[in-house]
Amino acid sequence: MSPKRGDRAAPPPAGDEYDLRFADSAAADGWEHLARHAPTGLRRAYDRIRAAPRAIDNPARQHRLKGGLATGMFKDRQLERRQYEVTGGGRIRYLVDAENSIAWIVHAGPGHPKETA
């Protein structure tokens with residue numbers, strides 16, 4: 001069965017790790033596409049986001065978006081929006097819900113999202 005909105009992206013978190021969940025079905029589909037075409041990069045992204053969704057030590061790969069894309073609304077809450085570059089074009093965009101230790105995946109795919117920052 002394919003993942004869908006609200007599903008966990010992988011096994012449950014342990015300790016201080018964040019849970020990764022899909023914000024919608026399109027993000028889940030994009031994740032599956034990345035899994036087929038860039039499995040190693042996706043695994044690195046998964047491990048990094050889960051351990052440190054707000055990491056700043058590798059800004060070329062993982063960073064907060066700027067301007068109007070710096071935040072996003074999810075479940076009536078404004079959350080910090082970040083991006084992880086999986087491949088040269090492939091991206092994962094996620095919202096950081098620090099209160100619940102969840103990274104909501106709002107975009108995943110082999111191409112750069114249409115909106116940029």
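Select Ala51 to start: this residue lies in helix α2 (residues 39–51), where helices (H or I, at least four residues) and strands (E, at least two) are DSSP runs numbered from the N terminus. The model is predicted, so local features need pLDDT of at least 70 and side-chain atom pairs count only at pLDDT 80 or more, while totals for chains, interfaces and linings use all residues. Residues are numbered from 1 along each chain as its sequence is written, and side-chain values use heavy atoms, with hydrogens and water left out.

Ala51 counts as exposed because its relative accessibility is 54%; the classes are buried (under 20% relative accessible area), exposed (over 50%) and partly exposed (in between), with a 1.4 Å probe and protein chains only.

Next, zoom out to the whole chain. The protein has two helices and six strands, in the order β-α-α-β-β-β-β-β from the N terminus. Of its 117 residues, 44% count as buried. Contacts are heavy atoms within 4.5 Å; among those between residues at least 6 apart in sequence, 44% join residues at least 24 apart.

Select helix α1 (residues 25–37). Its 13 residues reach 19 Å from first C-alpha to last, close to the 18 Å expected at 1.5 Å a residue; the expected span is 1.5 Å times one less than the number of residues. Colour Ala27, Ala28, Gly30, Trp31 and Leu34, the buried residues of α1. They cover an arc of only 160° around the axis, which puts them on the same side of α1; the arc is that of the directions from the helix axis to the C-beta atoms. An α-helix has 3.6 residues a turn, so residues three or four places apart point the same way. On the other side of α1, Ala26, Arg36 and His37 are exposed.

To see what covers the buried residues of α1, show β1 (19–22), α2, β5 (91–97) and β6 (102–109), which are among the covering elements. At the start of α1, a side-chain oxygen of Asp24 comes to within 3.3 Å of the backbone nitrogen of Ala26.

Finish in two loops. Lys75 sits between β3 (71–74) and β4 (77–85). Its phi is near 50°, a positive value in a residue other than glycine, and Lys75 is exposed, with a relative accessible area of 61%. Ser101 lies in the loop between β5 and β6. Phi of Ser101 is near 55°, again positive in a residue other than glycine, but Ser101 is partly exposed, at 28% relative accessible area.

Technical notes:
Polar contact = N/O pair within 3.5 Å; in protein donor to acceptor, adjacent residues only side chain to side chain.
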